[in-house]
Amino acid sequence: MEENTQLKISNQNGIPLFSFVGNCKAEGLACLPDKLREMAEAGQKKYIFDFSACKLINSPAMGELLDAILLVDRDFEGHVVVCGLDSLKETLFTISGIIPIAQEAPEASSAAQILQNLED
């Protein structure tokens with residue numbers, strides 16, 4: 001399996017941080033639902049999606065993202081905070097319905113703060 005360069009998963013204050021890098025296409029996000037499902041089944045309910053290193057998101061990728069966020073929200077009653085959005089991405093995320101399902105924060109540290117303040 002080739003390494004995914006569009007998606008990096010790290011940790012921000014104990015919360016999984018999904019960083020989207022470069023030009024985000026649906027193929028690069030194909031593993032996202034499986035990763036989220038795996039983490040959610042292990043009891044993880046809070047996630048940060050960081051788009052500060054993402055240059056462009058195409059329409060199929062927006063669909064994948066919406067599906068992934070709905071999976072967390074509806075299937076696992078979890079929370080996603082998106083961060084690092086420029087004004088174009090903010091508009092796209094609002095039009096596509098990702099915001100308000102996912103909350104928005106300026107950067108990962110404030111996203112972690114929002115999630116830490118939420119009740120489990």
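Ring pairs join Phe 18, Phe 20, Tyr 47, Phe 49, Phe 51 and Phe 93 into a cluster; rings of Phe, Tyr and Trp (its six-membered ring) pair if their centres lie within 6.5 Å, and planes under 30 degrees apart count as stacked, over 60 as edge-to-face and the rest as tilted. The model is predicted, with local features needing pLDDT of at least 70 and side-chain atom pairs counting only at pLDDT 80 or more, while totals for chains, interfaces and linings use all residues. Residues are numbered from 1 along each chain as its sequence is written, and side-chain values use heavy atoms, leaving out hydrogens and water.

By the ring rule, there are 5 aromatic pairs. Strands (E, at least two residues) and helices (H or I, at least four) are DSSP runs, numbered from the N terminus. Phe 20 and Phe 51, in turn, are stacked, with 4.5 Å between centres and 5 degrees between planes.

Turning to the loop between strand E3 (22-24) and helix H1 (32-41), we find Ala 26. Ala 26 is buried as well, with a relative accessible area of 12%. Leaving aside residues up to four places away in sequence, Ala 26 touches Asn 58, Pro 60, Ala 61 and Glu 64, where contact means heavy atoms within 4.5 Å.

How values were computed. Buried < 20%, exposed > 50% of the residue type's maximum accessible area, 1.4 Å probe, protein only.
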